[in-house]
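Hi,

Here is the structure I promised to pass on. Have a look at it first, and my notes on what turned up follow below.

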Amino acid sequence: MIVKAHISDAKKLTEIALKSKAFWGYSNTQIESWRDDLTITQKMFDEWTIYKYLINKDIVGFYILNRVNIRTSILEFLFISPKFIKQGLGKKLLLHAIEKCKKESCVIINVLSDPNAEAFYAKHGFKIIAQIESSVPGRFLPEMEFEIEENI
C-alpha cells in the first residue's frame, strides 16, 4: 500500500535510503559522505511530496517528488529496503509518482539517477539527457527525463 509519509517517518526513510544505497556495493566511507544528502528532513516534508510503501504497516520503500515548475517535477528520491529490491516495489512506487504527476498536470519527471538505477529508469521510459559529474571524481550520474504524455 502506498500512502503519504509523515515527519514521524523521517528516521525510517533515512535508514532505508542509506541501506538501499549501500546495497549497490558502495564503501562505508562513501555512504557516510552521502549521509547528509540522504537524510530526510522537516524541510523536505514542508516543500516536497513524500509517499511511503507499506507492507504489514512496515515502511519498505518511499519516493520524494519536488514540483519545480508548472511542467516539471524532480524525483528526488526513490529507495527500497534492500530485502525488497527486485520484487517490483520500485516499479509500483515509480508508477504511483507518474500518476501523481499526471493528476497534477505535470508533463515531465526528471531524475538524477545513481548509475546502478539507470537501467531501472530506462526500462520504464526515462531517457538520458545529460551526464553530471558527482562528488566522487570521475563518477558521472545520468540525468534522465520521462515525458508523461509521450509514455502514457
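Let me start with a loop: serine 105 sits between helix 5 (89-103) and strand 5 (108-112), where helices (H or I, at least four residues) and strands (E, at least two) are DSSP runs numbered from the N terminus. Before going on, the ground rules: this is a predicted model, so local features need pLDDT of at least 70 and side-chain atom pairs count only at pLDDT 80 or more, while totals for chains, interfaces and linings use all residues. Residues are numbered from 1 along each chain as its sequence is written, and side-chain values use heavy atoms, with hydrogens and water left out.

Back to serine 105: its phi is positive, about 60°, although it is not a glycine. Most residues other than glycine have a negative phi. Serine 105 is also exposed, at 56% relative accessibility (buried means under 20% relative accessible area, exposed over 50%, partly exposed in between, with a 1.4 Å probe and protein chains only). Asparagine 56 has a positive phi too, near 50°. You'll find asparagine 56 in the loop between strand 2 (49-55) and strand 3 (58-67), and it counts as exposed at 70%.

A pocket here is an open set of points on a 1 Å grid over the protein atoms alone, where a 1.4 Å probe fits, with protein on both sides within 12 Å along at least five of seven lines; lining residues have an atom within 4 Å of a point. There are 36 lining residues, and Leu78, Phe79, Asp114, Ala117 and Tyr121 lie nearest the centre. Strand 4 gives the largest share of the lining, seven residues. By type, the lining splits into 19 nonpolar, nine polar and eight charged (Ala, Val, Leu, Ile, Met, Phe, Trp, Tyr, Cys and Pro are nonpolar; Asp, Glu, Lys and Arg charged; the others, Gly among them, polar).

Phenylalanine 126, not counting residues up to four places away in sequence, touches several residues, among them Leu94, Tyr121 and Met144 (contact means heavy atoms within 4.5 Å).

Last one: lysine 4, in strand 1 (residues 2-4), is partly exposed at 46%. Leaving aside neighbours within four places in sequence, lysine 4 is in contact with Ile50, Tyr51 and Lys52. The C-alpha atoms of lysine 4 and isoleucine 50 are 6.0 Å apart, although 46 residues separate them along the chain.

Cheers
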